Amino acid sequence: MTKREIITTAVTLDELKTHLRIANNVFDVDLEGKLRAAHYAVEHHIGQVMMMSRFEESMEFTGVQMLRYPVNEVEAVTLNGTDIPYTITDEGMLVIPGVHTGTLSVRYISGNDEVNDDIKIAIMMIAADMFNNPVDRVETMPRASQMLLRPYRRYESNGR
């Protein structure tokens, strides 16, 4: 089970509205949903968390658990409700020494405080595409966004 609380986004509603040259609030609810969807699309595409978020995950203990990259801070790690020692690798792998069984619960913060302009532009292009073309089509993401995001893809983990 995973719970996610979004703390901040890489692109704000005001930035998207400026990009779209929208000066009123008529479309705000629609734009907020499309902006969030664009953030998720980028996260899935590059395998990194773009929106600073607090995650709470519970799972059966397997010895090693991949957390969502990049991990900024681990707030709590418990096994069967008891705090347990752990280490975390630079790649976001949670390692718990010893042999244990039971339910592992982890609360941590993942995401980016700042993102490069090319990522911000890709997010805005995706949201704008969803706004301007609100029907389903074959393409999953504008080609220009894919090209802007290519250098940031993490092929080995896909976000986990």
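So, Arg154 first: this residue lies over the face of Tyr69, 3.5 Å from the ring centre. A charge counts as over a ring here if NZ of Lys or CZ of Arg is within 6 Å of the ring centre and within 35 degrees of the ring normal.

Quick housekeeping. This is a predicted model, where local features need pLDDT of at least 70 and side-chain atom pairs count only at pLDDT 80 or more, while totals for chains, interfaces and linings use all residues. Residues are numbered from 1 along each chain as its sequence is written, and side-chain values use heavy atoms, with hydrogens and water left out.

On confidence, pLDDT is the predictor's confidence in each residue, from 0 to 100. The protein averages 90, and 95% of the residues score at least 70. By element, the mean is lowest in β3, at 84, and highest in α1, at 97. Helices are DSSP runs of H or I with at least four residues, strands are runs of E with at least two, and both are numbered from the N terminus.

Okay, aromatics. Rings of Phe, Tyr and Trp (its six-membered ring) pair if their centres lie within 6.5 Å; planes under 30 degrees apart are stacked, over 60 edge-to-face, and the rest tilted. How many aromatic pairs does that rule give? It gives two. Phe27 and Phe131 have ring centres 5.3 Å apart and planes at 80°, so that pair is edge-to-face. Phe27 sits in the loop between α1 (13-20) and α2 (28-46), and Phe131 in helix α3 (residues 117-132), so the pair ties together parts 104 residues apart in sequence.

Phe27 is partly exposed at 37%, whereas Phe131 is buried at 18%.

Then there's Phe55 with Tyr108, a stacked pair, 5.5 Å centre to centre with 20° between the planes. Phe55 is in strand β2 (residues 52-60) and Tyr108 in strand β8 (residues 103-110), so this one links distant parts of the chain, 53 residues apart. Phe55 is buried at 1% relative accessibility, and Tyr108 is buried at 0%.

Three strands make an open, antiparallel sheet in the order β3-β7-β6, where pairing takes at least two DSSP bridges between two strands. The edge strands, β3 (64-66) and β6 (87-88), each pair on one side only. β6 and β7 (residues 93-95) pair over two bridges, and Thr87 stands opposite Val95 in β7.

Methods:
Buried < 20%, exposed > 50% of the residue type's maximum accessible area, 1.4 Å probe, protein only.
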